[in-house]
Amino acid sequence: MVYVDPAYTSQECAECHHIEKKNRVNQALFICRSCGVVAHADRNASHMIAQRGETVWTAGRESHIPATP
Ligand SMILES: [Zn+2]
């Protein structure tokens, strides 16, 4: 169980991580203004949350492993 900050996930491209308000064309459609990827808005956001969760999870695990002397 990890906490993921959902801020800007609906505006951030899951491919190139470009964040722009205009990426979110409307409630359903996401088109990246940087790399041009076209995706369903919620599907793109869920990819972002999954990626962030993995990063937090990995970082948390690494910080709990004591360094070997
Ligand atoms: Zn992109």
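Let me start with Y8, which sits in the segment before β1. This is a predicted model, so please keep that in mind throughout. Y8 has a phi near 70°, a positive value, and the residue is not a glycine. Most residues other than glycine have a negative phi. How exposed is Y8? Y8 has 14 C-beta neighbours inside 10 Å, so Y8 counts as partly exposed.

There is another case of this kind. H17 also belongs to the segment before β1. The phi of H17 is positive, at about 65°, and H17 is not a glycine either. For H17 the neighbour count inside 10 Å is 12, and therefore H17 counts as exposed. The cut-off matters here: a residue with 12 or fewer such neighbours is exposed, and one between that and the buried limit of 20 is partly exposed.

Now the overall layout. The protein has one helix and two strands. Read from the N terminus, the order is β-β-α. The radius of gyration is 15 Å, well over the 11 Å that the globule rule gives for 69 residues, so the protein is more spread out than a compact globule. Along its principal axes, the C-alpha trace spans about 50 × 20 × 15 Å. Of the 69 residues, 13% count as buried. If we take the contacts between residues at least 6 apart in sequence, 32% of them join residues at least 24 apart.

A word on confidence. The average pLDDT of the protein is 87, and 91% of the residues score at least 70. Where is confidence lowest, and where is it highest? The lowest mean is 84, in helix α1, residues 41–64, and the highest is 94, in β1.

Next, the start of the chain. V2 lies in the segment before β1. What does V2 touch, once residues up to four places away in sequence are set aside? The partners of V2 are G53, V56, W57 and G60. Take W57 as the example: V2 and W57 are 55 residues apart in sequence, while their C-alpha atoms are 6.4 Å apart in space. Even with these contacts, V2 counts as exposed, because V2 has 12 C-beta neighbours inside 10 Å.

Y3 is in the segment before β1 as well. With 9 C-beta neighbours inside 10 Å, Y3 counts as exposed. Y3 and V37 are 34 residues apart in sequence, and from C-alpha to C-alpha they are 27 Å apart.

Last, C35. Where is C35 in the chain? C35 is in the loop between β1, residues 29–31, and β2, residues 38–40. Leaving out residues up to four places away in sequence, C35 touches C13, E15, C16 and H18. Is C35 buried or exposed? C35 has 11 other C-beta atoms within 10 Å, so C35 is exposed.

To go back over the main points: the order is β-β-α, V2 touches residues including W57, and C35 touches residues including C16. Y8 and H17 are the two positive phi values I wanted to show you.

Terms used. Residues are numbered from 1 along each chain as its sequence is written. This is a predicted model: local features need pLDDT of at least 70, side-chain atom pairs count only at pLDDT 80 or more; totals for chains, interfaces and linings use all residues. Helices (H or I, at least four residues) and strands (E, at least two) are DSSP runs, numbered from the N terminus. Two residues are in contact if their C-beta atoms, placed from the backbone, lie within 7 Å. The radius of gyration is taken over C-alpha atoms; the globule rule is 2.2 Å times the number of residues to the power 0.38. pLDDT is the predictor's confidence in each residue, from 0 to 100.
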